[in-house]
Amino acid sequence: MVLVLAIGDLNIPHRAPDLPPKFKSMLVPGKIQHIICTGNLCIKEVHDYFKTLCPDLHITRGEYDEDSRYPENKTLTIGQFKLGICHGHQVIPWGDLDSLAMVQRQLDVDILVTGHTHQFKAYKHEGGVVINPGSATGAYSSFTYDVNPSFVLMDIDGLRVVVYVYELIDGEVKVDKIDFKKTATAPSAH
Amino acid sequence: MLLIGAEDEEKWLAEGIAGVQHNAFYLHRALDSNNLRDALKYSAQMLSELRTSKLSPQKYYELYMRAFDELRILEMFFKDESKHGVSVVDLYELVQHAGNILPRLYLLCTVGSVYIKSKEAPAKELLQDLVEMCHGVQHPIRGLFLRSYLAQISRDKLLDIGSDYEGDADTVMDAVEFILENFTEMNKLWVRMQLEGPGRVREKREKERSALQELVGKNLHVLSQIEGVDLEIYKETVLPRVLEQVVNCKDDLSQYYLMDCIIQVFPDEYHLQTLEMLLAACPQVQPTVDIKTVLSRLMDRLSKYAASSADVLTEFLQVEAFTKLSNAIEKVIEVQVDMPAVGAITLYVSLLTFTLRVHPDRLDYVDQVLGACVKKLSSIPKLEDSRATKQVVALLSAPLEKYNDTVTALKISNYPRVMDHLDNGTNKVMAMVIIESIMKNNTCISTADKVEVLFELIKGLIKDLDSATDELDEEDFKDEQNSVAKLIHMLYNNEPEEMLKIICIVWKHTMAGGPKRLPFTVPSLVFSALRLVRQLQGQEGDIVGEEVPATPKKIFQLLSQMIEALSAVPSPELALRLYLQCAEAANGCDLEYVAYEFFTQVFVLYEEEIANSKAQVTAIHLIIGALQRMNVFSVENRDTLTHKTTGYSARLLKKPDQCRAVYACSHLFWVDGQDGIRDGERVLLCLKRALRIANAAQQMASIARDSSGPVTLFVEILNKYLYYFEKGNKQITAAAIQHLIELINTEMQGDSATSDAFLASTLRYIQFQKQRGGVMGAKFESIKL
């Protein structure tokens, strides 16, 4: 069992002052093995905070991020899964699942974690799964109206990943889960 | 009297103890044989050792304790008349024949103790007699110990008397008088120690005196323990007499110790009822006395007392405790002209702590304390003492900690005036403390007035206070500005009119802060304004009545100003992003011209200010992404903007970037949704253009051996073909797709393996679509792999 936190689009301090207190109390150091961050933190303070939660931190660049050294996209392997990260402002049309599927194929990953729209999504298509953890602070978005703060926790176990989405709705944290199974693929020719 | 050489002292103490032991031996023998005459002789000799002038107080105490123990044994002998056959009355007479006064008095006290217990004479008379006779010993140390002995042996009798054991009301006063008399004389002796003795170093003398302080204080302890000493007696007799001695002795050590002793020893209820009298003594003490610590401890005790019950609290109001304390402090500060600023401010901190604990609801009291501090700070030049500064920060932080709602602190009118007296550095520190308090308590500042007050308080962060800018630490500056940026989100009112007012006030202050601050604060303010626009969007049509100032249009005008100022910093990339946000928001409000104007600004910035090629790539994609979602433009306007966008896309520096931007532009001509544009031809034009660029890139790469694999570009374009094919763009044919696949396969032969996986998964996707059956399956069937 490997816990991966997928989180992003906090937009601190431009659009929000801080994570919701209820989220902060849930995110405790030492419980999570990896953090995947879609981008738009935007300041170093948030980066440092994530580092305290888990040293294995992977971030891609959002268009408002203060640190311009974050990569445009990133791939990593966790257990049997290949994961890819990309903020999503580069993928036109924004939030378009087919276009995101293309990026997924290009990065050759099972799970693509992306953001920008501030809208939670967990979408299975032929090539894999696209996950958008939404905005952890519920920040303003031109794309989505009425954004609820949300983040995702993935439990990777063998060929199975359980995606838990945590959403703050009317002051209460609601949890939902979705199961994905991967079929063992033949090793790709190199 | 007191000697310097420590070794000598040890020697004399040893000699003294030897003397005591020697005489004690014979004393015991006399007692064993019931020989009164010898007992008196040897005890007198033993007590003569206490006549020494050679010992320091600590050493004298050791000697004294030895004698004390022997006197206990003697007392028991005296008590048992059967042993010596002399009545206590006669015994009292007999001991007065001892030669030297000191031994005589010790013996007299010892007999007196027995005499009083026997009740053969009124205690009052005996006690008076003894306390007066002790006048005979005027030597400070010897006199102190003698009187201490008297106090010790009379203690339990005094407590008995005081508890109305006798049934006679007057006797309580007798006990009180006795103790007061003894106390007064002991204090006089104690003070006299300071003045006597040859060339002594002051500190050593004070240390020696400090060792004896409890001998004097003990008297007050006993007074407090006497049951019969009620509030009345305390108020009418005890306190006035004690304070009189305290003030008149004019000795700082004594004054400090005794004031503190009174406060610690007597009940808080008494202090509350005698507050005025007690406080009146404070300005009268010597200037060197640390009266502020005394006052702090008093206020501390009273605070705890107030917390004990609600009835007590009413008492506080009744006796006007706050006013009395406040006045006393003013008087002390006035009288002690040499008191440094830190002293005065510490007093205010204590008073404020008291006020916040006892009268937290009385903001007027809190304001008064701060006001007094302002007055003090105004009378001195700029505060430079760091301890004083720390105290001012403590003063200002206390209300914030007490009232979790920072808004309450904002209501204290003297608060900003105190802050004005801080140096710039500390002012900023304090401003950060205020902001942290707001963030921590999740306080919402909801009116324009309060925002104005708040920004006045934190002005040290918002703008440069002096014309000469202080040394700025980059990191600190960033932290400060980010704090202000976060703070902006805490300023909110549900009412659009009020919210707009708030935004205007914040903008006014932000503008005055200068260019270096704008990149931090403008984005927060912009998004705050955009949230308001969205709120008004929802309310459109509901507004009836007179002209309402808060409209999206007005807000967009303001936004325009803000972002323009930001771009002038210069901060073009950020400004570009914010203009795009505004354009999208204007789209949502159906304001075509406003949206167009924002796009114009975007392109101006792109053309003139964004030179970095990487920045251009990001900017172009942001423009394409935003433009693709705009539905408010007329065909012409949309065309103009699209044309510009595709033009810029094709002119990016690197070929791969060009290619990607151009095929991204294809989406400008195909928008899902019922009113969406679906121009299949122009989509194809874009894709073909992208192909040409990809070809060119591939040719250039084969010359320059660039490893960035242009084959990927072809696969990307293939994916786009598939995208539109699926969406039903008639211009995209299965043949075209097949042709593209063949092209890619050809290219792949001599190239890196990285595109392999991409192509493979793309082909797999096509296969998947074929197998789906239905309409999609039929469509994809035509693609031959």
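Analyst: To read a crossing angle, one needs to know that axes are lines fitted to C-alpha atoms, for helices over the stretch in contact, with angles running from 0 to 180 degrees between N-to-C directions. In this predicted model, the axes of helix α16 (residues 291-306) of chain B and helix α17 (residues 310-318) of chain B come within 8 Å and cross at roughly 130 degrees. Angles over 145 degrees count as roughly antiparallel and those from 65 to 115 as roughly perpendicular, and α16(B) is therefore oblique to α17(B). On the side of α16(B), the contact is made by B:Leu302, B:Tyr305 and B:Ala306, while α17(B) contributes B:Val312, B:Leu313, B:Glu315 and B:Phe316.

As for confidence, the model scores ipTM 0.95 and pTM 0.84, and chain B averages a pLDDT of 89, with 94% of the residues scoring at least 70. Within chain B, confidence is lowest in helix α4 (residues 81-84), at a mean of 81, and highest in helix α31 (residues 572-588), at 97.

Helix α11 (residues 213-225) of chain B has 13 residues, which at 1.5 Å a residue should span 18 Å, and its end C-alpha atoms are 19 Å apart, so the two values agree. The buried residues of α11(B) are B:Leu215, B:Val216, B:Gly217, B:Asn219, B:Leu220, B:Val222 and B:Leu223.

The backbone also deserves attention in several loops. In chain B, a cis peptide bond joins B:Val569 and B:Pro570, with omega about 15 degrees, and B:Pro570 is found in the loop between α30 (552-567) and α31. In chain A, a cis peptide bond joins A:Ile12 and A:Pro13, with omega about 0 degrees; A:Pro13 lies in the loop between β1 (2-7) and α1 (21-26) of that chain.

Positive phi values in residues other than glycine complete the picture. B:Lys250, with phi near 50 degrees, has its place in the loop between α12 (231-249) and α13 (252-265) of chain B, and B:Lys250 is exposed, with a relative accessible area of 56%. A:Asp146 likewise has a phi near 50 degrees and lies in the loop between β8 (128-132) and β9 (150-157) of chain A; with a relative accessible area of 73%, A:Asp146 is exposed.

Methods:
Residues numbered from 1 in each chain as written. Chains lettered and ligands numbered in written order. Predicted model: local features only at pLDDT ≥ 70, side-chain atom pairs only at ≥ 80, totals over all residues. Heavy atoms only, no water. Helix = DSSP H or I, 4+ residues; strand = E, 2+ residues; numbered from the N terminus. Parallel < 35°, antiparallel > 145°, perpendicular 65-115°, else oblique. Contact = heavy atoms within 4.5 Å. pLDDT = per-residue confidence, 0-100. Expected span 1.5 Å × (residues − 1). Buried < 20%, exposed > 50% of the residue type's maximum accessible area, 1.4 Å probe, protein only.
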